[in-house]
Amino acid sequence: MPPRRLHASRPFLVLGLLLAGWFLVPTVIKRALGISFFELQAPVHLAASHVRDLQDFWSLRTRSSHDLIAAGRDLARLNASYEVTLQQTETLRREVARLEALLRMPTLPGYRSEPARVARRDFNAWWQRLTVRKGRNYGIVLGSPVIFGGGVVGKVTEVHAYTAVVDLISSPTLRLAATLEGDTRPLSFQGANNPAFGPARGIVDYVPTDASASEFSPRRIVTSGLGGVFPAGLLIGEIVRLETSTDGLFKTGEVRLDNRLSELTEVTVLVPERRD
Amino acid sequence: MRRTVVFFLTQFLLWALVSQANHELTPWGIALFLGGLFVGLSALTFDRREALVGAFAAGFLHDVGTPLPFGTHALAFAAAVVFIQHVRHRLNRHEGLVTVMVILITNLGLFLVISAVALRLLPDADRLTSRVFSDLIASQIVLALVSPWFLALQTQALRLGGCATSPETAAHG
């Protein structure tokens, strides 16, 4: 009977109206709603992150003074080697500035390093993202490159009041220009499948046909500096497999990423310096 | 109104716990998706308006911080509520096992819908299917284990908040 059928289909009519209504809602309202919900969640991530820091602190307090002395000695050695590296870097920087002035070249983009603690890791089949404990309050800007001791971490894709969201290089949503270490020809890197219980992987395209790599003799790839987001020379990963692409013009392959990417607790955001 | 607020607080607690669990699980390459648990109880016991409000609130919690278009989870959760409410009169919804089964099936459906949307937006999506499958299995196992606890927590929270757990109980007392 028509009235009964109408009654039965009413919930779906409501759903259809909701769908239509949602598409008609202005973007400004959706954006405001998104920001409100993000800022509602942010204190939970930050509080949990601070609690983890506190746990680490108290677990470290249980260490003996022997461990502390050994760690201090190791740190002193590291600091000494870093001091030397810093002096060499300063000399090279001055040399670059002198050559730039001499050849009247435009200066390379500069970055301010902003270390940030990781508040949340969200790695699933669909995307790999980090939330860091610094946002607009520390001048983080959209698109800033993010690095750690093992190379590139990713790129800032959302900036909020006190937090920022970073897309990892293992995420299929991120693609960047790279080169083989010691080579200048550009190739394309993209995050790929991140298998369960295994290290993250990436894929490379447009690799020159004369390049070779295997599991036993991997080739390191670094950022190319093209595109203006990442500075050149930052380590991305190692190519462990290469095969000729279907068109035969290039090679495609698999990249092994740093295992530590899945356990990051601290990263450095490179905030581009403004040139006025 | 009070019931909606209390219900949202329990959803928020679950969301916080799941996001912390996912944070700790990253070194193992496993992620949990418990979307079905956010809408199960409300879809089975609440009236349509309240259940939809709950679905949208839970959906928005999931939507922020993802690369998907804002509202994807919210609309998927709302659709799940409508489907469950359409068939709930045929189910013995006061039976715990039935509720858990509904939640498991709903979670499976939501996971597949979100996967379809997410993978459509990604290049080379076919490379990701093995991980999608392992995440789905892990999620369903955890869901089966935690559903009875969370349903009891939601029911208790509603009782403590002085709210009826279902329209029937509201009518009776």
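Predicted model: local features only at pLDDT ≥ 70, side-chain atom pairs only at ≥ 80, totals over all residues.
Hi everyone, let me start with confidence: chain A averages a pLDDT of 87, and 96% of its residues score at least 70. That pLDDT is the predictor's confidence in each residue, from 0 to 100. Residues are numbered from 1 along each chain as its sequence is written, and chains are lettered from A and ligands numbered from 1 in the order in which they are written.

Helices (H or I, at least four residues) and strands (E, at least two) are DSSP runs, numbered from the N terminus. Chain B averages 85, with 91% of the residues scoring at least 70. There, confidence is highest in α1(B), at a mean of 91, and lowest in helix α7 (residues 167–172), at 47. Over residues 169–173 of chain B the pLDDT is below 50, and that stretch has two contacts in the model beyond near neighbours in sequence. A contact here is two residues whose C-beta atoms, placed from the backbone, lie within 7 Å. For the model as a whole, ipTM is 0.82 and pTM is 0.85.

Now the interface. On chain B, 38 residues are in contact with 37 residues of chain A. Which helix gives the largest share of the chain B side? That is α4(B), with six residues.

On to the packing. The largest nonpolar core has 48 residues, and among those touching the most other members are V39(B), A55(B) and F77(B). Such a core is a set of buried Ala, Val, Leu, Ile, Met, Phe, Trp, Tyr and Cys residues joined through C-beta atoms within 7 Å. Buried means 20 or more other C-beta atoms within 10 Å of the residue's own, exposed means 12 or fewer, and partly exposed is in between, with C-beta atoms placed from the backbone. Again α4(B) gives the largest share, nine residues of this core. Leaving out residues up to four places away in sequence, F77(B) touches G35(B), F38(B), V39(B), A55(B), A58(B) and G59(B).

As for geometry, α4(B) has 16 residues and reaches 23 Å from first C-alpha to last, close to the 22 Å expected at 1.5 Å a residue; the expected span is 1.5 Å times one less than the number of residues. In α1(B), the buried residues include F7(B), T10(B) and V18(B). The buried residues of α1(B) pack against β1 (111–123) of chain A together with α2, α3 and α6 of chain B.

Last stop, A164(A), which lies in strand β5 (residues 164–168) of chain A. Buried or exposed? A164(A) is buried, because 28 other C-beta atoms sit within 10 Å. V132(A) is 32 residues from A164(A) in sequence, yet their C-alpha atoms are 5.4 Å apart in space. Thanks, everyone!
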